[in-house]
Amino acid sequence: MEQLSQLAAAFLEIEDEDRNASLAIASVAVAEGPAPDQQDFVDAISARLPMVPRYRQKIRRVPFDLSAPMWVEDENFAPRQHFFRIGLPAPGDDAALADLVALIMTERLHRDRPLWEFWVIEGLPGDRWAVLSKLHHCLADGISANALQAVLFAGTPPGPRDDEEPAPEPGTAQVLWTALGELASSPFSRLGSLGKQLLSPDRLVRRVAATARGLGSLAAALIPAAPSFLTGPIQRQRRYTLAHASLQDVREISRAFEVTVNDVVLAVISGGFRELLLDRGERPAADSVRALVPVSVRAAGDHDVVDNQISLMLPLLPVDVVDPVARLLTVHRRLAGLKADDGAGAGAAVTASAQRGPFAPIAWAVRAAAKIPQRNIVTVATNIPGPRRPLSLLGRPIVELYPYVPIALQLRVGVAVLTYCDRMAFGITSDFASVPDTAALASAIERDIATMTIAARTSIGDRAPGATRSPR
């Protein structure tokens, strides 16, 4: 048995308190060639499952919330229960695929078995098909979910299959005994950590100072954003929309204006929200949209670890800035300021502190927070670096990868960005009842990237030797 991290457990608590939330993440892999026979697909993925032990485990709650829930072996594990097949209605385009994804992602995963599913989707144009990989956010974050993609869709066949019988599922007494052991050992673990810090006072002083600066930047999130239709209660049904970009174009923009790829991503998302507000007849004020931006805190060698290892930053998106390039430079300055103040480090300190605390008060706090209306954070925007090399499944090359991010806690729109080889895909999730049409957001993203690409090439041309600078 292994405890969930308290961050992972929080996703379960939020889902339990919000009956309209389904906190599964997903990716959609579009493959070329005829769709495989269902049994061949099930066999191909099942053969790789021993490489990911978590896919054979399910959640067990601990009585009285004495500790976070446990991962335990599912002695009744039946892979076939996790595989489904469905046909895409005509015309089978991106819009039809997105509608079907939204429908599938609306449904929660069953808690009485491992928290993942695969859906084969037939009927895409051009002799293509797709695989929707769905798993609960408590199992993985975006980075580790990507690592799972690489394992499950790798072109190289796996080694010999492990056909050992799963360990017997533990009884309540064993779960309770394990939780009590964790509870008893945690204070000593904290004392040991504190002792190491005290033995290095300079390090401790630097850490405290950096965390204090970062907490100051996080405190800005306590200031409510300007009222808009973007926050409020959500219903069960979702809308999913796609936008596309060339990774080469995005990198060209980042080089030309000396910003990061993530700056470009947040700038075009800002433009999308600006368009969404204008379409609703609302003013895109400077404080309209504060985004929760997950930041990976994984060590260099931990990208294959299946878990949630994220911190956060909380920038205000410059939806009030009209010009896309000016908006990009504003995003760059704001993120640079948050990094200088160690906002992400403070977020990591907060989540790390929660990990070391007893679970019951944290669970109760999450449940209470889920019931309190908030309009401090308006959206979640996550940028996930995907596989750099082409993937394949059963000899069929995967030509596109699309991400899906869930929404909850009064956030009516979320945006996930995933790179794959030379492509970048934006997956936009929204509450169907309050934000039924996100096409304006998707169109603005694609339009702003095109505009900034032209501006980047003009800027590079102006700096070329012998070039004559034209008036602007």
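Analyst: Below, each label is set against its rule. Keep in mind that this is a predicted model.

User: Why is Cys138 called buried?

Analyst: Cys138 has a relative accessibility of 2%. Buried means under 20%. The value falls under that limit, so Cys138 counts as buried.

User: And what makes Cys421 partly exposed?

Analyst: Its relative accessibility is 23%. Buried needs under 20%, and exposed needs over 50%. The value lies in between, so Cys421 counts as partly exposed.

User: How many disulfides are there, and by what rule?

Analyst: The rule asks for a pair of cysteine sulfur atoms within 2.5 Å. By that rule the count is zero.

User: What makes S5 and S6 a pair?

Analyst: Two strands pair if there are at least two bridges between them. Strand S5 (residues 83-87) and S6 are joined by five bridges, so they pair. They run parallel. Within this pairing, Ile86 stands opposite Ile121 in S6. The chain gets from S5 to S6 through helix H3 (residues 94-106), in a right-handed β-α-β crossover.

User: What makes that crossover right-handed?

Analyst: Point the strands away from you. A path that runs clockwise from the first strand over the helix to the second is right-handed. The crossover from S5 through H3 to S6 is of this kind.

User: How do you know that S6 also pairs with S7?

Analyst: Seven bridges join S6 to strand S7 (residues 128-136). The rule asks for at least two, so they pair. These strands run antiparallel. Trp119 has Leu132 in S7 as its bridge partner. S6 and S7 form a hairpin with three residues between them. In the turn, Gly126 has a positive phi of about 70°.

User: Why is S6 called mostly covered?

Analyst: Strand S6 (residues 116-124) has nine residues, and seven of them are buried. Each of those is under 20% relative accessible area.

User: What makes S1 and S3 edge strands?

Analyst: The open sheet has the order S1-S4-S3, with antiparallel pairing. Strand S1 (2-3) and strand S3 (57-60) each pair on one side only. S3 pairs with strand S4 (residues 70-73) over four bridges. In that pairing, Gln57 has Glu73 as its bridge partner.

User: How do you know that Asp37 caps H2?

Analyst: A side-chain oxygen of Asp37 lies 2.9 Å from the backbone nitrogen of Gln39. The buried residues of helix H2 (residues 38-46) include Phe41, Val42 and Ile45.

Terms used: Residues numbered from 1 in each chain as written. Predicted model: local features only at pLDDT ≥ 70, side-chain atom pairs only at ≥ 80, totals over all residues. Heavy atoms only, no water. Buried < 20%, exposed > 50% of the residue type's maximum accessible area, 1.4 Å probe, protein only. Polar contact = N/O pair within 3.5 Å; in protein donor to acceptor, adjacent residues only side chain to side chain.
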